[in-house]
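Here is a model to work through by question and answer. Take a look at it before reading on.

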Amino acid sequence: MQPVGYRVPEGSTPQTLFDSALSLTSSLDLHDALQQFVEIARQLTGAKFSALGILGTRGETVAFHHAGMPKGAERALSHPPRGSGIFAHIPIREPLIINDVESHESFSGWPPGHPRMGNFLGVSLRVHEQVFGRLYLTDKEGGFTAEDGEAMEMLAAACSIAVQNARLYAESKNRANWIGVSQAITTALLEGSDEEEALKLIAARMRAVSDSCAALIILPSIGNAWVCEIADGKDAHDLIGIEFPPDGRAQTVIREGSGVVVDSMTRTRTLRIEALREYGPALYAPMMVHGTGVGVIVLLREEDGPEFDLADLAMAESVAKQAALALELAAARHAQDVAAQTDERAAIGRDLHDLAIQQLFATGMKITAIREDLEAKEADPAIVDLLNEAISSVDSSVTEIRRIVHRLREPDANVVVVERLRREASLARNGLGFAPSLIIELDGQILPSNVDPETIAHIDDIIGADIGDDVVAVTREGLSNAARHASASSVSVTCQIDRSRVRIEVADDGDGPSPTRSRRSGLANLAARARRHGGTFNLARGTESGAVMTWEVPL
């Protein structure tokens with residue numbers, strides 16, 4: 001495409017060549033610059049046909065520009081010229097002129113549908129001393145001359161400058177787009193978006209700005225597994241939940257903390273995730289926090305898409321660090337919420353101690369004084385008994401408030417496991433919309449709701465404080481997952497205890513375990529709790545519907 005008002009002068013003179021080169025270097029669009037190069041070359045030499053094949057990293061033709069081809073001839077070609085035969089003999093630093101093509105030793109016939117050509121001029125287009133593409137012109141009346149070759153060499157040098165300028169311009173625009181993504185992510189984080197919303201935003205914006213067809217975020221899951229937790233774009237639903245092997249690219253990038261680009265997933269011989277084979281170029285960017293890899297972002301393009309370059313990788317790695325920051329901020333917010341709850345408990349405890357207890361104590365003293373006065377005056381004994389009951393009630397209230405204050409300061413410190421499990425089941429009602437069932441078995445016997453205190457204390461002795469805390473945490477997480485993701489109408493919690501093991505089972509009749517429902521970091525935490533005690537963790541589909549979460553550790 002030529003600049004508005006520009007017309008290529010007839011004939012190749014120094015002035016016309018200079019004007020043509022100047023016009024060529026003024027274009028900042030790569031496609032337009034290359035097409036203009038082909039048009040100018042054809043008109044300056046007087047050739048009937050000109051074409052430019054752009055080479056990929058493997059030497060294959062990845063793009064094709066042409067001018068002067070007869071109508072219908074382009075559709076008749078099954079594919080652009082692949083750089084074999086005469087085309088492969090074009091030197092790197094000088095032109096190739098053949099004025100009788102069919103008699104040349106490298107001539108191997110014309111591809112089906114290709115127009116016949118009598119003479120030929122070929123020139124390499126070099127960018128930073130590497131062959132970027134090959135220009136060839138054909139069918140000049142009277143044949144090509146050495147002057148034509150020199151002119152095309154000079155024009156190719158101008159085109160090389162145009163390519164570099166267009167690349168720099170495209171990189172600057174691309175960098176501005178990446179900065180826009182970075183700002184959007186920063187805004188979302190400052191606004192307090194939760195972890196999953198922030199990661200979904202990051203995947204969507206990175207896919208769009210990188211001109212990819214799919215974006216994946218790989219995060220730690222159950223055990224030592226790394227799983228695609230977030231996906232956006234083509235076949236996103238099918239990609240979520242895929243586990244990436246320890247010796248694959250994703251985990252290698254995480255361990256080494258350095259991103260990589262892949263020219264084509266289709267051509268990769270050692271691809272371990274078959275679902276990725278339908279994609280073309282790929283980019284892996286590690287999510288790093290304080291030098292530690294917490295995940296990896298994978299960008300995928302269509303099979304015939306352009307390859308990622310180092311500039312793409314640098315920008316993607318920068319944004320991937322922000323994605324890691326989103327995870328860190330989410331953890332920090334959780335810690336902040338816990339701290340806020342602790343502070344709130346402490347404030348309530350202080351108020352109860354400083355206000356309620358003091359007022360009750362003062363009231364008790366006044367009642368005691370009245371009772372003593374009435375006793376001195378030998379008042380009705382029934383009234384004195386009522387005052388004694390009131391004083392006893394005040395003392396009991398003070399004692400109970402002190403217990404509450406103590407529990408607020410040390411949550412669950414003096415509460416038995418059975419009561420803590422019952423409390424978790426009661427609190428889950430708000431999230432579920434109904435009360436879950438809770439069954440506690442001791443040595444194969446289901447405990448009644450009014451079980452005696454000695455049995456309850458015996459359970460704590462069997463389990464121990466450390467495992468007891470994990471039993472409560474596992475139950476809480478299982479009920480929370482059911483409330484957020486199962487869409488269930490019933491949920492049951494079964495806690496089985498004997499002298500050899502404790503087993504927690506949370507079952508629901510909902511949608512069943514689906515990788516598209518949520519991130520699995522909570523499940524990974526449950527698995528880690530089981531491993532710490534030498535136990536096991538499993539999440540599976542129920543016999544008929546729903547999901548069954550099982551957590552078991554030895555005692």
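Q: Which residues does Val502 touch, beyond those up to four places away in sequence?
A: This is a predicted model, in which local features need pLDDT of at least 70, side-chain atom pairs count only at pLDDT 80 or more, and totals for chains, interfaces and linings use all residues. Residues are numbered from 1 along each chain as its sequence is written, and side-chain values use heavy atoms, with hydrogens and water left out. Contact means heavy atoms within 4.5 Å. On that basis Val502 touches Ile467, Val471, Cys495, Gln496, Ile497, Trp551, Glu552, Val553 and Leu555.

Q: Which members of the largest nonpolar core touch the most other members?
A: A nonpolar core is a set of buried Ala, Val, Leu, Ile, Met, Phe, Trp, Tyr and Cys residues joined through side-chain atoms within 4.5 Å. Buried means under 20% relative accessible area, exposed over 50%, and partly exposed in between, with a 1.4 Å probe and protein chains only. The largest core has 36 residues, and those touching the most other members are Val491, Ile497, Val502, Phe537 and Trp551.

Q: Which element gives the most to this core?
A: Helices (H or I, at least four residues) and strands (E, at least two) are DSSP runs, numbered from the N terminus. Elements that each supply at least two residues of this core include helix H10 (417-432), helix H11 (453-463) and strand E15 (501-508). The most, six residues, comes from H12.

Q: Why do the buried residues of H11 lie on the same side?
A: The buried residues are Thr455, Ile456, Ile459, Ile462 and Ile463. The arc is taken from the directions from the helix axis to the C-beta atoms. They share a side of H11 because their arc is only 115°.

Q: How are H10 and H11 oriented to each other?
A: Axes are lines fitted to C-alpha atoms, for helices over the stretch in contact, and angles run from 0 to 180 degrees between N-to-C directions. The two axes come within 8 Å and cross at roughly 100°. Angles of 65 to 115 degrees count as roughly perpendicular, under 35 as roughly parallel, over 145 as roughly antiparallel and the rest as oblique. So H10 to H11 is roughly perpendicular.

Q: Which residues of H11 meet H10?
A: From H10 come Val417, Val418 and Glu419. Their partners in H11 are Ile456, Ile459, Asp460 and Ile463.
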